Amino acid sequence: MSSRHLQRNFYKNYVTTEQNRIVVIISDAFRFEAAKELERDLSMDDQIIDHQMNYLVSGLPSVTYMGMPSLLPNDRLSLVDKNLLVDGKEANNREKREEILIDKNPNSAAFALDDLKGATSKEIKRLFANKEVVYIYHNQIDAIADNKKTEDDVFKATAEAINEIKNLISRLRTNNINNFYITADHGYIYRADTLTDMDKISEDVSYGDLKSQRYIVTENLIDEPGIGKQKLADVLNNADSRWVYYPQTANVFKSAGSFNYVHGGASLQEMIVPLLKVKTTSSKSVAVDVELQLISSNRSITSLEVPIRLLQASPIDATNRPVVYDIYFEDDKDELISTKISINADSVETKVENRMTDLTINLVDKQYDRNSKYYLVVENTNTGKRVKAVYNMDIAGSGDFDF
């Protein structure tokens, strides 16, 4: 494996070579697959002028206290308890990491993504003024999933993390901040089934050893089936005499921790983290909301259940952005007479037939007037723009007033 892919070499290989201001977004436990979804979404934005996906390989154990310091500028890494020291300095919080960044380049800063969410454009310009290297720390996934009570929300947290990173890039872009790296400290494994005793490996450790569900760090020899090992010296490029042991399957060591969400081991899902490079433009977007068109030919209502066929006019691309539409019926007094159905117009399919949607709208069960007009409304929830199509009422026995 090329040293260029080692997480501990990230700053040297990628940050120091940048000629422009670079913003590094580090999202805790942001797995490679999540970054691919983020890349797909960004590729549909006409303000993203370049994106390149690469990868980094974390060290073992694949945990936050190893991954976050490894992404900083470093000449010497050493593990003391659960602190990975960077050139002898602690790096276990944002403030200490910022000090290390500034020691390397005085025009550096480190922020928490949450602290930037509510910042105004004026505040962002002030915070980023004259900065050449900015690290932004994001803790959406790990904060939720590494808790037994909320670990099942890991996929919801991943979707929220993707949206938060997209929104941050969009906000910074409008303030002439255009060059980004998105990466992570580690990945994770999620098992839908509850772990049983058969899934747990019983292994004793000595005082001072480090043990979690997916790793053991010790000088002791462990020679058991299903357990792999790596020299910690090879991970950190130093003379540490300890070993990192890990389950060679999805099993875990007997240890306190989450039931389904785990990390720290040597699986691809835990160790391969994304390195997504994104370049944006500050120019105004020319993208428009994609249209949703009614293509049903029958405009007569013969039942309280009305079949509707809709077409997303174009696939989502750089000039057509996704939008949610509300679909419903109104009478000639603009009063709602049906259920509302929301349609997410976000298809990237190029074939027309794959962008069609069939649905049934249920009308309110009441008396209708055949001589009045009724309207199907297709409403853009972004803009509030409404397109109406006239329907005739032809339900048998409904509102015939010719008596």
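Biologist: Why is Val57 called buried?

Modeller: This is a predicted model, and in it Val57 has a relative accessibility of 11%. Buried means under 20%, so Val57 counts as buried. Val57 is found in strand β2. Between Val57 and Ala34 there are 23 residues in sequence and 16 Å in space, C-alpha to C-alpha.

Biologist: Thanks! What makes Val86 buried?

Modeller: The reasoning follows the cut-off of under 20%: Val86 has 1% relative accessibility, so it counts as buried. Val86 lies in strand β4.

Biologist: Which residues are in contact with Val86, leaving aside its neighbours within four places in sequence?

Modeller: Val86 is in contact with Pro69, Leu72, Pro73, Asn74, Arg76, Leu77, Ala91 and Ile100. To count as contact, heavy atoms must be within 4.5 Å. Ser285, by comparison, is 199 residues from Val86 in sequence and 42 Å from it in space, C-alpha to C-alpha.

Biologist: Ile100 takes us to helix α4. Which residues of α4 are buried?

Modeller: In α4, which spans residues 94-104, the buried ones are Arg97, Ile100 and Leu101.

Biologist: How do you know that they are on the same side of α4?

Modeller: Around the axis they cover an arc of only 100°, and therefore they sit on the same side of α4. The face turned away from that buried side carries Glu99 and Asp103, which are exposed.

Biologist: What do the buried residues of α4 pack against?

Modeller: Their partners are the helices α1 (10-15) and α3 (64-70), together with the strands β4 (83-86), β5 (108-112) and β6 (133-138).

Biologist: And what is found at the start of α4?

Modeller: There, Asn93 has a side-chain oxygen that comes to within 3.2 Å of the backbone nitrogen of Glu95. The cut-off for a polar contact is within 3.5 Å.

Biologist: Which residues of α2 and α8 meet?

Modeller: On the α2 side they are Ala34, Glu37, Leu38, Asp41 and Leu42, and on the α8 side Thr158, Ile162, Ile165, Lys166 and Ile169.

Biologist: Is Asn130 buried or exposed?

Modeller: Its relative accessible area is 68%. Exposed means over 50%, so Asn130 is exposed.

Biologist: What about Asn237: what is its phi, and why does Asn237 count as exposed?

Modeller: Asn237 has phi near 60°, a positive value in a residue other than glycine. With 60% relative accessibility against a cut-off of over 50%, Asn237 counts as exposed. The loop between α9 (232-236) and β13 (243-247) holds Asn237.

Biologist: Which peptide bond is cis?

Modeller: The bond from Leu60 to Pro61 is cis, with omega near -5°. Most peptide bonds are trans. Pro61 lies in the loop between β2 (48-57) and α3.

Biologist: One last residue. Why is Phe253 called buried?

Modeller: Phe253 has 0% relative accessibility, so it counts as buried under the cut-off of 20%. Phe253 is in strand β14 (residues 252-253). Not counting residues up to four places away in sequence, Phe253 touches several residues, including Ile201, Glu203, Arg214, Ile227 and Tyr245. Arg214 is 39 residues from Phe253 in sequence and 6.1 Å from it in space, C-alpha to C-alpha.

Terms used: Residues numbered from 1 in each chain as written. Predicted model: local features only at pLDDT ≥ 70, side-chain atom pairs only at ≥ 80, totals over all residues. Heavy atoms only, no water. Buried < 20%, exposed > 50% of the residue type's maximum accessible area, 1.4 Å probe, protein only. Helix = DSSP H or I, 4+ residues; strand = E, 2+ residues; numbered from the N terminus. Arc of directions from axis to C-beta. Polar contact = N/O pair within 3.5 Å; in protein donor to acceptor, adjacent residues only side chain to side chain.
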